[in-house]
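Trainee: Could you take me through this model slowly, feature by feature, and tell me how each one is read?

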Amino acid sequence: MKAVKYKVLRNDPVADGVYDLVLSGDTSAFTAPGQFLNITVDGLYLRRPFSVCSYGGDAVRVLYKVVGEGTKKMTALRPGDAVDALTGLGNGFDAGRAGESPVLIGGGIGTPPVYSLARELVKRGVRPAVYLGFNSSADVVLAAEFVEMGVVPVVATADGSLGEKGFVTDVIDPAAGSYYYACGPVPMLKAVVSLMRIPGEVSLEERMGCGFGVCEGCAVRTTRGILRVCADGPVFKAEEVIW
Amino acid sequence: MVNTGVMLCGVRLDNPIIAASGCFGYGEEFSRLYDLDVLGSFSFKGTTVAPRDGNPAPRIADAPDGMINSVGLQNPGSQAVRDELLPKMAGYFHKPVMANICGSSVGDYAALAEIFGVQEQVGWLEVNISCPNVKCGGMSFGADPAAAAAVTKACREKTDKPIIMKLTPNAGSVTDVAKACEAAGADALSLINTVQAMRIDLRRRAPVLANVKGGLSGPAVLPIALRCVWDVYESVKIPLVGMGGVSTPADVIEMMLAGATAVEVGAANLVDPFACPKIIDGLPAKMEELGINSLSDIVGAAHG
């Protein structure tokens, strides 16, 4: 973990209620896709945690959806504004387990960390199969950037406005692939875990106090006992989470 | 050169800053960020006889100038703390540590006082009779003078180490509980634990916390804590450890002027992991600015 003072490079809307925030500054604490940072928002006491969409060089990128007071205030950030963040938090995905034909599954605003993992896998010469689920075409993020990377995602929307109509679980072959990685809302993750016939890991979210393992605020029940989403996760082996 | 040292129950603290229980774990995470020996001390996570899983999530809610938690005393239990965590702690903290203990019966407290009362690393026992997030025990002892006295007495019989009873602001009369603890043999009192509070999610029309209610901490409670320390200082003769929203050197001095001999820093550690060293670094300049040569001179000075 490293405390970093960032400068906002951009903070633009890219989908319905979703903003693309790029921060300039030290990214050296990030060591794996799926890690997160914890941002101080002016006027709010607790920091707000976000999985990272990409990191490297001197820029870190976060896609966030406006869901409450913190994210609403964040939309007011302008280029040049200072942002205080704790960085390199959490374990991240274990890209080493991918095997030859990994399957990546993203749901809604759970897509950015999956995108970060795809970049890492492509860099390692592995081409993942990517499945993305959204409520509607207006919610779709990063689909074009996956294509630019040479990975064409299969997209499902609940209302059928883009790609296949239905949930992401409707378009996946549960037995195909070497290993899977998933991030998205809890109902999606539960459905994915019960569907898949190959081993995998999932990235969870929970309301956090500190984000670095001290307050025991973000508890998750697992087969290893009560663990911390922030410090023991956010990525857990699929079979160890007790839903 | 100003003097930040204070004595707490016969144990010297290089400075009055003690990281508060529940906001510092067992120190390990912070030991990777800075040298914990800069602290006066720290009070480890409230420990019960047996391991506890705590409450269901969500356990955390934001609040104006503060936060609400309903962790519910999740901890690995006294045996793991004694046999695994204390030896580990010896590697990264070389001063007396404060052992925060919590029970759901008088017998639990006595057992914990017996276990931690003989540990060389433990400088003080901080007896938590004020946790608002557990169904039995915790605050139910701290809200009732007779029950608080019974816990104090049970611990007193088991150890000669200094006993600090940690009080709740949610009691009918915090001074009555304070006096009962003093009469039953407490060496000091620490206050305040969190203030019972809640938030409601507007969209779900339901409480944010799975446990419905939790405890408010952070700067929002500082004035409440000052009032409690002020009142208790006028009611007892034993020293006080003040806490509640302390985040700056000025807050530390304000708490000491109200009557605190030492000061615990809690929620501030969670939003800024370097809060304690920053406060400690800033204390001498603040003292000089206010014409304070020795911090121990100002304890209770606001009472005239």
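Trainee: Which residue of β12(A) is the bridge partner of A:I105?

Mentor: Strands of a sheet pair through backbone hydrogen bonds, either parallel or antiparallel. Here the model is a predicted one, in which local features need pLDDT of at least 70 and side-chain atom pairs count only at pLDDT 80 or more, while totals for chains, interfaces and linings use all residues; side-chain values use heavy atoms, with hydrogens and water left out, residues are numbered from 1 along each chain as its sequence is written, and chains are lettered from A and ligands numbered from 1 in the order in which they are written. The bridge partner of A:I105 in β12(A) is A:A182. Two strands are said to pair if DSSP finds at least two bridges between them, and the strands themselves (E, at least two residues), like the helices (H or I, at least four residues), are DSSP runs numbered from the N terminus.

Trainee: In what order do the strands of the open sheet in chain A lie?

Mentor: The order is β11-β10-β9-β8-β12-β13-β16, which makes an open sheet of 7 strands with mixed pairing. Its edge strands, each pairing on one side only, are β11 (164-165) and β16 (235-237) of chain A. Within the sheet, β8(A) pairs with β9(A), residues 129-134, in the parallel sense over 5 bridges, and A:G106 has A:L132 as its bridge partner in β9(A). β12(A) also pairs with β13(A), residues 200-203, in the parallel sense over 4 bridges, where A:C183 stands opposite A:S203.

Trainee: What does A:S203 touch, apart from its neighbours within four places in sequence?

Mentor: With contact taken as heavy atoms within 4.5 Å, A:S203 is in contact with A:F93, A:A182, A:C183, A:G184, A:L189, A:P234 and A:V235. A:S203 counts as buried because its relative accessible area is 2%.

Trainee: How do β1(A) and β2(A) pair?

Mentor: β1(A) and β2(A), residues 18-24, pair in the antiparallel sense over 7 bridges, and A:R10 stands opposite A:V22 in β2(A). The two strands form a hairpin with 2 residues between them, and A:G17 in the turn has a positive phi of about 75°.

Trainee: How many salt bridges does a search of the whole structure find?

Mentor: Side chains of opposite charge can pair when their charged atoms come close. The rule asks for a side-chain nitrogen of Lys or Arg within 4 Å of a carboxyl oxygen of Asp or Glu, and the search finds 24 salt bridges over all chains. One of them joins A:E120 and A:K123 at 3.7 Å, N to O, both residues lying in helix α2(A), residues 111-123, 3 residues apart, about one turn of the helix. A:E120 is buried at 17% relative accessibility, whereas A:K123 is exposed at 69%. In chain B, B:R156 forms a salt bridge with B:D187, the closest N and O atoms being 2.7 Å apart. B:R156 lies in helix α5 and B:D187 in the loop between α6 and β10 of chain B, so this pair ties together parts that are 31 residues apart in sequence.

Trainee: How many residues of chain A are in contact with chain B?

Mentor: 23 residues of chain A are in contact with 34 residues of chain B. The two chains bury about 2,200 Å² between them, 62% of it on carbon and sulfur atoms, buried area being the accessible area (1.4 Å probe) that two parts lose on being put together, summed over both. The rule finds 2 salt bridges across this interface, and B:D62 forms a salt bridge with A:R48, with the closest N and O atoms 2.8 Å apart.

Note on methods. Buried < 20%, exposed > 50% of the residue type's maximum accessible area, 1.4 Å probe, protein only.
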